[in-house]
Amino acid sequence: MRISDVLRTKGATVATITPETSVAGLLTELSVHNIGAMVVVSPDGLLGIVSERDVVRALHEMGADVMRRPVSEIMTTMVATCSPEDSVDSLSALMTTNRVRHVPVVVNGRLAGIVSIGDVVKTRMEELEREHEHLQAYISQG
C-alpha cells in the first residue's frame, strides 16, 4: 500500500502554524484539532515540525517562560518527509529509524498531507484484517 492510499482515506488536510506563533498558541491549536504535531510553514514552504514532545522538552529546558516564545525556537527543522508514491512499509521504517511519529507528505516541494504513526498502524491493521478474511474464505471454500 502507498502513502497516496492512506491520504485518500484520511484526507490531505494538514494543520499548519507559522513560526511566529507562540508555544501557548501551538498548544491551543493542538488541542482544538486533537492532534500531536503541526507543520510549521511560511509563504516559502515547509520550515519544520513541532510536536507535543518538543513542547515537553522545551518546558524541561527553559521552564514555563517557553509558553510565550515562538514555535520557531523549539521546532524540529530537520524534517523527515515522504512522497505519495512511497510505501507504508518504507514510511514505517523511516519513522522507526528517525524516531518520529508524524511525517509530512511532500510533492514537488509542496506540502500534500501528513501521515502519523496512528495512520500507519490503522492501515496495517486493515491490511491484516483483509488478509484474514481472504484466508478464511479460501479455507471455507476448500
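This is a predicted model: local features need pLDDT of at least 70, side-chain atom pairs count only at pLDDT 80 or more; totals for chains, interfaces and linings use all residues.
Which residues lie nearest the centre of the largest pocket? Residues are numbered from 1 along each chain as its sequence is written, and side-chain values use heavy atoms, with hydrogens and water left out.

The largest pocket is lined by 15 residues, and S51, T76, R99, V100 and R101 are those nearest its centre. Its volume is about 320 Å³. Strand 3 and helix 3 (52-62) are the elements that give two or more residues to this lining. By residue class, the lining of the largest pocket holds six nonpolar, four polar and five charged residues. Here Ala, Val, Leu, Ile, Met, Phe, Trp, Tyr, Cys and Pro count as nonpolar, Asp, Glu, Lys and Arg as charged, and the others, Gly among them, as polar. Rolling a probe the size of a water molecule over the atoms shows where empty space is left. A pocket is an open set of points on a 1 Å grid over the protein atoms alone, where a 1.4 Å probe fits, with protein on both sides within 12 Å along at least five of seven lines; lining residues have an atom within 4 Å of a point. Grid points are joined across faces, edges and corners, and a volume is the space filled by probe spheres set on the points.

The second largest pocket holds about 260 Å³ of space. Its lining has 15 residues, with K10, I35, A37, H102 and I114 nearest the centre. Strand 5 gives the most to this lining, with three residues. The lining of the second largest pocket divides into six nonpolar, five polar and four charged residues.

Helices (H or I, at least four residues) and strands (E, at least two) are DSSP runs, numbered from the N terminus. In that direction the elements follow the order α-β-α-β-β-α-α-β-β-α. The C-alpha trace spans about 65 × 30 × 30 Å along its principal axes. Of the 142 residues in the protein, 32% are buried, where buried means under 20% relative accessible area, exposed over 50%, and partly exposed in between (1.4 Å probe, protein chains only). Among contacts (heavy atoms within 4.5 Å) with a separation of 6 or more, 56% are between residues 24 or more positions apart.

Three strands form an open sheet with the order 1-2-3 and mixed pairing; two strands pair if DSSP finds at least two bridges between them. Strand 1 (16-17) and strand 3 (45-51) each have a single partner strand and stand at the edges, so one side of each is left without a neighbour in the sheet. Helix 2 packs on the sheet and touches strand 1, strand 2 and strand 3, its direction making about 125° with that of strand 2. Axes are lines fitted to C-alpha atoms, for helices over the stretch in contact, and angles run from 0 to 180 degrees between N-to-C directions. Strand 1 and strand 2 run parallel and are joined by two bridges, with I17 opposite V40 in strand 2. Strand 2 and strand 3 run antiparallel, joined by six bridges, and V41 stands opposite L46 in strand 3. Strand 2 is mostly covered, with five of its six residues buried.

N34 has a phi near 55°, a positive value in a residue other than glycine, and sits in the loop between helix 2 (23-33) and strand 2 (37-42). N34 counts as exposed because its relative accessibility is 70%. N108, also not a glycine, has a positive phi of about 50° and lies in the loop between strand 4 (102-107) and strand 5 (110-116). With 77% relative accessibility, N108 counts as exposed. N108 and R2 are 106 residues apart in sequence, and their C-alpha atoms are 17 Å apart in space.

S116 belongs to strand 5. S116 counts as buried because its relative accessibility is 17%. Leaving aside neighbours within four places in sequence, S116 is in contact with M95, R101 and H102.
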